[in-house]
Amino acid sequence: MLNRSTHNVVLPTETIIIISDLLVAMTIEHVLHMAKGGGETSYAKNSWLQRRALLETTPLLDKAVKEVYMALSHPTMTVCDLGCSSSENTLFFVSKVIEAVCCHRRELGASTKVELQFFLSDLPVNDFNHLFLSLKGFKESMAVGHEGDTLPPFYITGLPGSCYRRLFPDKSVHLFHSSYSLHWRSQFLDGLEGNPNEGNIYIAKNTPPYVVKLYQELFQKDFLLFLKLRYEELVFGGQMLLIFLGRKNEDAYSGELNLVYGLLAKSIQFLVEEGLVGKEKLDSFNLPIYGPSVDEVKTVVKQSELFDINKIELFEHNWDPYDYSKSDHVDDPLQSGMNVAKCLRAVMEPLFGRHFGESVLDALFDKYAHNVAEHLEREKTKYSIIVLSLKKG
């Protein structure tokens, strides 16, 4: 029989720290994903903002594909989309790579057979099933859309795993792509005690400077690790096209995301006042996100000494993904508020449901839509999006 007596086991401090770090890291990997399925609040139905970024950066993607294609030393091009999620945007990216290869083959009059291997990568809890169920229809539509044109053979594989870990063998990937992913951190903020960011879920005007520093240091650590890992996995001359949320100003207290998530924190505060959410729930939650400035990104790339910057720029999109207007006025703040809330809910619902409870999500995002509408009546606000094109030297 097993001995059922209990023993007090004292672990060395170093072991406790390592276990704690592993648990923190595992938490993100096991809970962070977009809203699954194809329902009204799903990411699949509410990811037009992300699609617009893909459309905006298509010329840069086309250029990267062309350069990688021309430098191929064997007939297989390996492409990976990091943080692929599960919406049509994922396969839209795949289609753009295939189209770019077809175009460059025609331009060069190349008769060499080229095969494309796509890896669609995201955290293990991503809705890969929804993505895989879309593949049959995607392949059929590609064949119909390219009648008379010979498509290169292409193969699509799912790859669960964090982009802050090794994913591929040495020198095996030609092109990495990532859209709307790298503003997510590898873990929740560690080292916070006593609710130092009380009432907030991100950086706010009253956030203590040392909390802001924790956010900045985690970004620097994560991004540097990301660059080192991808450098090992890329072939010589391999490229990366990275698109993520950032900010225009150097001051971390004045970032565009501060306002987006400040209104969300205000919405949670309303639920606290209504007795629907405990105050300790709000005070114990800090979003694992950081929107860097362009200079912060450049600094880490230069510090790594691994990549040449082909291009880095910042562009802006209205909060409402369906508002293409360049005016400073929002025509229908109520509708725009609802559009913004749907878009953010599709991203945040699983994370917020786990922490605050799924029963309050409707009330939370209804209030958020109202708060956003009130803000847009006074001021039209935009997201700042950084696009970074890198080449392995």
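How are helices α8 and α11 oriented to each other? In this predicted model, in which local features need pLDDT of at least 70, side-chain atom pairs count only at pLDDT 80 or more and totals for chains, interfaces and linings use all residues, the axes of α8 (residues 256-273) and α11 (residues 333-356) come within 14 Å and cross at roughly 40°. The two helices are therefore oblique to each other, given that angles under 35 degrees count as roughly parallel, over 145 as roughly antiparallel, 65 to 115 as roughly perpendicular and the rest as oblique. The contact (heavy atoms within 4.5 Å) is made by Val-260, Tyr-261, Leu-264 and Ile-268 of α8 and by Leu-344, Met-348, Phe-352 and Phe-356 of α11. Residues are numbered from 1 along each chain as its sequence is written, and side-chain values use heavy atoms, with hydrogens and water left out.

The structure holds 19 aromatic pairs, where rings of Phe, Tyr and Trp (its six-membered ring) pair if their centres lie within 6.5 Å, and planes under 30 degrees apart count as stacked, over 60 as edge-to-face and the rest as tilted. The rings of Phe-168 and Phe-176, with centres 5.9 Å apart and planes at 65°, form an edge-to-face pair. For Phe-219 and Phe-223, the centres are 5.6 Å apart and the planes at 15°, so this pair is stacked; the two residues lie four apart in helix α7 (residues 209-233) and are therefore separated by about one helical turn. Phe-219 is buried, with a relative accessible area of 1% (buried means under 20%, exposed over 50% and partly exposed in between, for a 1.4 Å probe and protein chains only), and Phe-223 is also buried, at 3%.

Conventions
Axes fitted to C-alpha atoms, helices over the stretch in contact; angles between N-to-C directions.
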